[in-house]
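Student: I'm new to this one. Can you walk me through its aromatic rings?
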Amino acid sequence: QVQLVESGGGSVQAGGSLRLSCAASGYTDFRYCMGWFRQAPGKKREGVAVLYTGGGSPYYADSVKGRFTISQDDSWNSVQLQMNSLKSEDAGVYYCAARIATCDSPSWSKDTEFDNWGPGTQVAVSS
């Protein structure tokens with residue numbers, strides 16, 4: 001198991017930017033499919049963006065392509081999500097998630113496919 005902790009959430013006006021970070025600790029010898037999900041009130045948790053820490057192209061939800069960028073640091077145990085041009089529909093709780101596997105479609109966007117989760121960080125977007 002790996003422990004995940006998110007940071008960087010907050011409140012921003014529509015059109016603004018936020019940067020989320022997820023720090024991993026614990027059993028980090030493996031490479032992970034790691035990234036971000038979000039959940040708005042009354043809605044299901046949805047995949048936003050993930051990457052494989054061993055390399056390869058990331059996956060993005062269609063709703064965030066061109067606005068969000070996922071990246072990892074050189075030590076792989078931290079993943080970031082740069083969110084630009086934020087919209088009101090981007091608001092919600094953002095969760096960092098990881099699984100010991102490569103990322104592939106369509107499983108990357110299903111929260112049931114991930115077994116390591118952070119507590120979440122709130123993102124509010126005002127119009």
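Tutor: Here is a short tour of the ring pairs and the charges over rings. This is a predicted model: local features need pLDDT of at least 70, side-chain atom pairs count only at pLDDT 80 or more, and totals for chains, interfaces and linings use all residues. Residues are numbered from 1 along each chain as its sequence is written, and side-chain values use heavy atoms, with hydrogens and water left out.
Student: How many aromatic pairs are there?
Tutor: The count comes to 5 aromatic pairs. Rings of Phe, Tyr and Trp (its six-membered ring) pair if their centres lie within 6.5 Å; planes under 30 degrees apart are stacked, over 60 edge-to-face, the rest tilted. One of them is Tyr95 with Trp117: centres 6.3 Å apart, planes at 80°, so edge-to-face.
Student: Which residues do the ring pairs link into a cluster?
Tutor: Phe37, Tyr95, Phe114 and Trp117.
Student: Is Tyr95 buried or exposed?
Tutor: Tyr95 is buried, at 16% relative accessible area. Buried means under 20%, exposed over 50%, partly exposed in between (1.4 Å probe, protein chains only). Phe114 is buried too, at 5%, while Trp117 is partly exposed at 24%.
Student: And how do Phe114 and Trp117 pair up?
Tutor: Their ring centres are 6.4 Å apart and the planes sit at 65°, so that pair is edge-to-face.
Student: New topic: what sits over the ring of Trp117?
Tutor: The charged end of Arg45, 3.8 Å from the ring centre. To count, NZ of Lys or CZ of Arg must be within 6 Å of the ring centre and within 35 degrees of the ring normal.
Student: What lies over the face of Phe114?
Tutor: Arg99, at 5.0 Å from the ring centre.
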